Amino acid sequence: MLMYLSDNVEGGETYFPMAGSGECSCGGKTVKGLSVKAIKGNAVLFWSMGLDGKSDPDSVHGGCEVLSGEKWSATKWMRQSSHN
């Protein structure tokens, strides 16, 4: 989970290039995929693997260019362990 700690940022979206089928904004550019705008108090939750342990290509992500302001975020890793 990626938590946004600041706002008043231009650009700085979290960008998932392989997720979604539309266009989105990434650092002031229009690109294909899905982006999440950094807004203080919001968070984005995504799983990097399915329950079968295989990685999910839709979870590939990165940070878009910050055009003005500062982007602060925090990451919380969550793991699922199997119980036999």
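**Entry 1**

Strands here, like helices, are DSSP runs numbered from the N terminus (strands E, at least two residues; helices H or I, at least four). The model is predicted, so I note that local features need pLDDT of at least 70, side-chain atom pairs count only at pLDDT 80 or more, and totals for chains, interfaces and linings use all residues. Residues are numbered from 1 along each chain as its sequence is written, and side-chain values use heavy atoms, with hydrogens and water left out.

I then recorded that strand 3 (residues 14-16) and strand 8 run antiparallel and are joined by two bridges. Two strands are taken to pair if DSSP finds at least two bridges between them. The sheet is open, has three strands in the order 6-3-8, and pairs in the antiparallel sense. Strand 6 (34-36) and strand 8 (62-63) are at its edges with a single partner strand each, so one side of each has no neighbour in the sheet.

I also checked Gly 63 against Val 31: the two are 32 residues apart in sequence, and their C-alpha atoms are 13 Å apart. Val 31 belongs to strand 5. With a relative accessibility of 22%, Val 31 counts as partly exposed, on a scale where buried means under 20% relative accessible area, exposed means over 50%, and partly exposed lies in between (1.4 Å probe, protein chains only).

**Entry 1. The hairpin of strands 4 and 5**

I found four bridges between strand 4 (residues 23-26) and strand 5 (residues 29-32), which pair in the antiparallel sense. Ser 25 has Thr 30 of strand 5 as its bridge partner. Two residues lie between the strands of this hairpin, where Gly 27 adopts a positive phi near 60 degrees.

**Entry 2. The sheet of strands 7, 1 and 10**

I noted a further open sheet of three strands, in the order 7-1-10 and with antiparallel pairing. Its edges are strand 7 (43-44) and strand 10; each has a single partner strand, so one side of each is without a neighbour in the sheet. Three bridges hold the antiparallel pairing of strand 1 with strand 10. Met 3 stands opposite Ala 74 in strand 10.

I next took up Ser 73, which lies in strand 10 (residues 73-75). Its relative accessible area is 35%, and Ser 73 is therefore partly exposed. Ser 73 and Met 3 are 70 residues apart along the chain, yet 5.4 Å separates their C-alpha atoms.

Most residues other than glycine have a negative phi. Asn 8 sits in the loop between strand 1 (2-4) and strand 2 (10-11). Its relative accessibility is 73%, so Asn 8 counts as exposed.

A polar atom of the Ser 6 side chain lies 3.0 Å from the backbone oxygen of Glu 70. A polar atom of that side chain also lies 2.8 Å from the backbone nitrogen of Trp 72.

**Entry 3. The largest pocket**

I read a volume of about 580 Å³ for the largest pocket. Its lining has 21 residues, of which Phe 46, Trp 47, Ser 48, Met 49 and Met 78 are the closest to the pocket centre. A pocket is an open set of points on a 1 Å grid over the protein atoms alone, where a 1.4 Å probe fits, with protein on both sides within 12 Å along at least five of seven lines; lining residues have an atom within 4 Å of a point. Grid points are joined across faces, edges and corners, and the volume is the space filled by probe spheres set on them.

**Entry 4. The whole chain**

I counted zero helices and ten strands in the protein chain. Of its 84 residues, 23% are buried. The C-alpha atoms fill a box of roughly 50 × 25 × 15 Å along the principal axes.

Conventions: A polar contact is a pair of N or O atoms within 3.5 Å; within protein, one must be able to donate a hydrogen and the other to accept it, and residues adjacent in sequence count only if both atoms are side-chain atoms.
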